[in-house]
Amino acid sequence: MDKQATKVFCGGLSWETTSERLRAYFENFGVVREAFVSYNRNNGRPRGFGFVVFESMDVADKVVSTKHTIDRREVRLRPS
């Protein structure tokens, strides 16, 4: 399966959210192949967004269609 087809953009993340927390949260919905938070190269601080790659297109579609709160912040999801 094409990695891009199952990749989901996660916007509005808290600066407290790590790649590990992102993965742990979305593993409740299905198999996660990859999860990462984007960091600023200059200062090492989180940029407030990340990506999750799921094993299944069905799971990716399901998570995009529902609301999610991670670390007390409602995050915006969309296909990447």
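1. Two strands pair if DSSP finds at least two bridges between them; strands (E, at least two residues) and helices (H or I, at least four) are DSSP runs, numbered from the N terminus. With that in mind, S1 and strand S5 (residues 73-79) pair in the antiparallel sense over four bridges, and valine 8 stands opposite proline 79 in S5.

2. A word on the basis: this is a predicted model, where local features need pLDDT of at least 70, side-chain atom pairs count only at pLDDT 80 or more, and totals for chains, interfaces and linings use all residues. Residues are numbered from 1 along each chain as its sequence is written, and side-chain values use heavy atoms, with hydrogens and water left out.

3. S1 is also joined to strand S3 (residues 46-54) by five bridges, again antiparallel. Here glycine 11 stands opposite phenylalanine 49.

4. Do look at the one cavity of 30 Å³ or more. A cavity is a set of points on a 1 Å grid over the protein atoms alone where a 1.4 Å probe fits but cannot get out; lining residues have an atom within 4 Å of a point. The largest cavity holds about 40 Å³ of space, the volume being that filled by probe spheres set on the points.

5. Which helix gives the largest share of that lining? H2 does, with four residues; the lining includes Met57, Asp61 and Pro79.

Methods. 1 Å grid on protein atoms, 1.4 Å probe; cavity = no way out; pocket = protein on both sides within 12 Å on 5 of 7 lines; lining within 4 Å.
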